[in-house]
Amino acid sequence: MKSTVETLSPTRVRLAIEVPFVELEPSLKKAYREIGQQIQIPGFRKGKVPPAIIDQRVGRGTVLNEAVQEAIPQNILAAVREHDLKTLGRPEVDITEFNDGDSLNFTAEVDVRPEITVPDLTSIEVTVDELQIDDSEIDEQVNGLRERFATLKTVERAAAEGDYVQIDLRATVDGEEVPGGSASNISHEVGSKQLLPGLDEAVVGLSAGEDTTFTTQLVGGDFAGRDAEVLVTVRTVKEKELPELNDEFAQLASEFDTIEELRADLRERVSRGKRIEQIYAARDKALEQLVAAADVPAPEGVIRDEVESRKEAMADQLERIGASMEDYLAAEEKTEEQIDAELTDAATQGVKVQLLLDTLADAEDVQVSDDEFGHEIVHRAQRAGMAPQQYYDQLVRSGTAGAVYGDVRRGKALASVMERITIKDSAGNVVTMDALREASEQEHSHEH
């Protein structure tokens, strides 16, 4: 095989490859073997059909084509090694010339990792929001707890917004009962708009034992789109009672003895959450600065593939909830072009960040231990709800174990970036990674 390489851009090359016919022999033999296994010809045992008969039956062209399809990736790989290229994504192949008995000539355009000069990390400074906690944020947390420990008490009065009512419903269209349109003893929060349109307004002002009718439009069933008369009967009216905010409540709702200790713990949790937000904000800003400073070029082919896979993932998610891309565009009030542009921007930034971190990991010879790799596999398997070994086997089968390894390596490179940059808050205080790491670790220990 002979090959030459031509640089098309900092991120793309074109390989021109010539494979003499004699080098195609192994692929040609394999093609005859495989086709011979697939066809049945009277008088010949399976797999024992002579090449001449295969040529008659399926055509020499088909065999040549199969041989070429197998030979191309092998020869691209050999050329990539010969020219020491760091390729990204899938090559685009174009067969320029091939006749039976002659050499195979083809070109392969493929994205390559660009040469990137990583800027001095100590020169990078980012600003994040100052850590401020308002009393109202703690109140909100306390109120959430109170809601969780609320009790319902039956009251002898008319229903008002925020009450809970037990109701019976019966729907009719032109006096005829709607199939499945009756229900009894349903609990409903007045004003929550959880059931039928018009129900909340109808129930307000009704006491236990009283009923009324209201009109609502049906959405499903035989009478979809028709107006139905619904008779609603109130059985009981209950009012939500929130527990009093005192030490007794603290003991009921937490492991603390006093309301002060409970509030202090909630403040600590809110501040941990905000510290973790600071990490993420600092990370995103630092990477943005680094990518801009290093002037990382974007490999078009990789980005095209990435946009395509992100779009497919979106369509799959929509399909799972029974919606289509058209529904999504209508809901978001966007055109497909706008979504494509957004996905392209996000993919471009994502790919540039990966290239930068890979370059950094190479420059600093970042290694991933078996333990670190195993830890990531266990973590991802948990998220996918699978056994680690089963998850790992699946990665190996789909050929994506290397990608996970790359992610872990980039994660380590990113951690070393975060150690060396300067992070300040908007008040000018230096934020250290130690404080942030502590917050993150405490957060994890609380999760378990």
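So, H2 and H3: these two helices are roughly perpendicular to each other, where that label covers angles of 65 to 115 degrees, with under 35 being roughly parallel, over 145 roughly antiparallel and the rest oblique. Helix H2 is residues 51-58, helix H3 is residues 60-82, and they pack at about 105° with their axes 6 Å apart. The axes are lines fitted to C-alpha atoms, for helices over the stretch in contact, and angles run from 0 to 180 degrees between N-to-C directions. Ile 54, Asp 55 and Val 58 of H2 make the contact with Arg 60, Thr 62 and Val 63 of H3, contact being heavy atoms within 4.5 Å.

Before I go on, this is a predicted model: local features need pLDDT of at least 70, side-chain atom pairs count only at pLDDT 80 or more, and totals for chains, interfaces and linings use all residues. Residues are numbered from 1 along each chain as its sequence is written, and side-chain values use heavy atoms, leaving out hydrogens and water. Helices (H or I, at least four residues) and strands (E, at least two) are DSSP runs, numbered from the N terminus.

Next pair: helix H11, residues 370-384, packs on H12 at about 100°, axes 9 Å apart. That makes H11 roughly perpendicular to H12. On the H11 side the contact includes Phe 373 and Ile 377, and on the H12 side we have Pro 388, Tyr 391, Tyr 392 and Leu 395. The residues of this contact split into nine nonpolar, no polar and one charged. Nonpolar here is Ala, Val, Leu, Ile, Met, Phe, Trp, Tyr, Cys and Pro, charged is Asp, Glu, Lys and Arg, and the others, Gly among them, are polar.

What about H8 and H10? Their axes come within 9 Å and cross at roughly 125°, so H8 and H10 are oblique to each other. Among the residues in contact are Val 302 and Glu 306 of H8, and Leu 343 and Val 351 of H10. That contact has nine nonpolar, two polar and five charged residues.

Last stop, the second largest pocket. It's lined by 25 residues, and Val 302, Glu 306, Gln 354, Ala 403 and Arg 410 lie nearest its centre. A pocket is an open set of points on a 1 Å grid over the protein atoms alone, where a 1.4 Å probe fits, with protein on both sides within 12 Å along at least five of seven lines; lining residues have an atom within 4 Å of a point. Which helix gives the most to this lining? That's H10, with six residues.
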